[in-house]
2 protein chains.
Amino acid sequence: MHRQFSLQPYSRHYSHSKNCFLDFMELKSDGSIGVNSKYAPKMKAVLEKYQEFKKNETLLFLDFVTVADYLFLLRSVTRIMSALKEHAMYYLAAAVSDFFIPAQKMPQHKIQSDGGLTLTMDQVPKFLKPMVTNWVPCGFIVSFKLETDPALLVDKSRHALTRYGHQIVIANLLAIRKREVILITRDSEFQIKLTEDEIAENIEIESRIIPELTKRHDEWIRNADHVDM
Amino acid sequence: MHRQFSLQPYSRHYSHSKNCFLDFMELKSDGSIGVNSKYAPKMKAVLEKYQEFKKNETLLFLDFVTVADYLFLLRSVTRIMSALKEHAMYYLAAAVSDFFIPAQKMPQHKIQSDGGLTLTMDQVPKFLKPMVTNWVPCGFIVSFKLETDPALLVDKSRHALTRYGHQIVIANLLAIRKREVILITRDSEFQIKLTEDEIAENIEIESRIIPELTKRHDEWIRNADHVDM
């Protein structure tokens, strides 16, 4: 699930404002279009993976615009996926707003500007509680907690785990989120931090997060099996 | 001038959420990457124009993030361009917010969500007045007025012309802005409207707006010459 117009898997390597693909293309002498040899190997690797997922349909893209769209979509998807029981992992990485203006409070027309503006926004409903309790009670649920103040990060993450009862919070600070996160469970903290060398090599922190989560999800499945027997 | 991450000229034909360029590429039997023959002619035309502007440096991209960035950048650019006198046209198409939160009122950290939120925003300064009066008094200035309520559109556009003293307002309604606009001057209204056939052929309304503006700008230059003599 992604917000409409967000960068997407595969094509994200060629966003129009950075690495515009037109910069890597060239007109050949025979009149055809090709890819500059300097950039072709990377683009070929991306294209191969892209075509593979298209052929095998291993990714389902669902886009949303409003917070209400997101919540209804999430409920529908998780209810369908609840049949997978403990075998489903829910990786809730979409950065959904904390506040919103409900549809019934929206003005019909553009707000006229003759002075300042005071906006009153409602808090977005805490959907993790019903998701954990009712929608997918056996699922392995990973949420994110983004803060800017390091002093709040771990306490708030742990508070979320206690309040909602899910399995893992990935805690991250806005300024360093691409090189350092903490995986927090009810009784442990596990730091994932890229080295300077890894950052220089454009290693993405997700390539460290996902294997760690997969390992923990496998444990979760094994433990659930034991309970079933 | 464009907002950071806005779609940009040329590459806008291949936005990642619509017409992702990876869908038009293919892996050839010799291991190279090419463009599917169905899409190659259009991409070739776009690429040729893109490479031409790159070579000749006929476009300067300036990006902004905040309203303050935009206003300072606009003042700098217009002051530099004021040397061109009546030969410069200023086409103010960037959709700048009507309201903003000044830097000194910004919280340092992420706003905590424990209930609703009330935001107080200031009105964005009306920069057209100083621009017309002081920054580029001889320039040909075109602004945009976007509304959702048809009843307000023409009156508000005419009010802007009287208030700021510039030359043209392009009035448009959100719902139909890609097929219909009105060019409004102090004493005339000129409607530009695409036919159903033109819409079906993907004609863009800018291809009708720009020639009309160029014609009027030429008149503006001729009239200014007379005044100079």
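Visitor: How many salt bridges are there over all chains?
Guide: The count comes to 18 salt bridges over all chains, and please keep in mind throughout that this is a predicted model.

Visitor: What kind of contact do A:Asp23 and B:Lys54 make?
Guide: Their side chains meet in a salt bridge, with 3.5 Å from N to O. The pair crosses between chains, since A:Asp23 sits in the loop between strand E1 (2–3) and strand E2 (25–27) of chain A, while B:Lys54 belongs to helix H1 (residues 40–56) of chain B.

Visitor: Where do B:Arg158 and B:Glu189 sit?
Guide: B:Arg158 is in helix H4 (residues 150–164) of chain B and B:Glu189 is in strand E11 (residues 188–193) of chain B, so that the pair links parts of the chain 31 residues apart, with B:Arg158 partly exposed at a relative accessible area of 25%. Their side chains form a salt bridge of 3.1 Å, N to O, and B:Glu189 is partly exposed as well, with 48%.

Visitor: Which residues are joined into one network?
Guide: A:Glu212, A:Lys215 and A:Arg216 are joined into one network by salt bridges that share partners.

Visitor: Switching topic: what is the strand order in the open sheet?
Guide: Four strands form that sheet in the order E6(A)-E7(A)-E7(B)-E6(B), and the pairing is antiparallel. Strand E6 (99–100) of chain A and strand E6 (99–100) of chain B stand at the edges with a single partner strand each, so one side of each is left without a neighbour in the sheet.

Visitor: How many bridges join the E7 strands of chain A and chain B?
Guide: Five bridges join strand E7 (residues 117–123) of chain A to strand E7 (residues 117–123) of chain B, and the two run antiparallel. Within this pairing, A:Thr120 stands opposite B:Thr118 in E7(B).

Visitor: How does chain B lie on chain A?
Guide: Chain B can be laid on chain A with an RMSD of 0.0 Å by a turn of 180 degrees and a shift of 0.0 Å along the axis. The two copies are therefore related as by a two-fold rotation axis. As for the interface, 100% of the interface residues of chain B are also interface residues in chain A, so the copies meet through the same surface.

Visitor: What about domains in chain A?
Guide: Chain A is divided into domain 1 (1–61) and domain 2 (85–99 + 117–229), and the C-alpha centres of these two domains of chain A lie 29 Å apart.

Visitor: Back to chain B: is strand E9 covered or open, and how many of its residues are buried?
Guide: Strand E9 (residues 168–173) of chain B is mostly covered, with six of its six residues buried. B:Ile168, B:Ile170 and B:Asn172 point one way from E9(B), whereas B:Val169, B:Ala171 and B:Leu173 point the other way.

Visitor: Which strands does E9(B) pair with?
Guide: Six bridges join strand E8 (residues 140–147) of chain B to E9(B), and these two run parallel, with B:Lys145 opposite B:Ala171. Three bridges join E9(B) to strand E10 (residues 180–185) of chain B, and here the strands run antiparallel, with B:Ala171 opposite B:Ile182.

How values were computed. Residues are numbered from 1 along each chain as its sequence is written. Chains are lettered from A and ligands numbered from 1 in the order in which they are written. This is a predicted model: local features need pLDDT of at least 70, side-chain atom pairs count only at pLDDT 80 or more; totals for chains, interfaces and linings use all residues. Side-chain values use heavy atoms; hydrogens and water are left out. Two strands pair if DSSP finds at least two bridges between them. Domain bounds come from an automatic or database domain assignment. Copies are superposed by least squares on the C-alpha atoms of residues with pLDDT of at least 70 in both. Contact means heavy atoms within 4.5 Å. A salt bridge is a side-chain nitrogen of Lys or Arg within 4 Å of a carboxyl oxygen of Asp or Glu. Buried means under 20% relative accessible area, exposed over 50%, partly exposed in between (1.4 Å probe, protein chains only).
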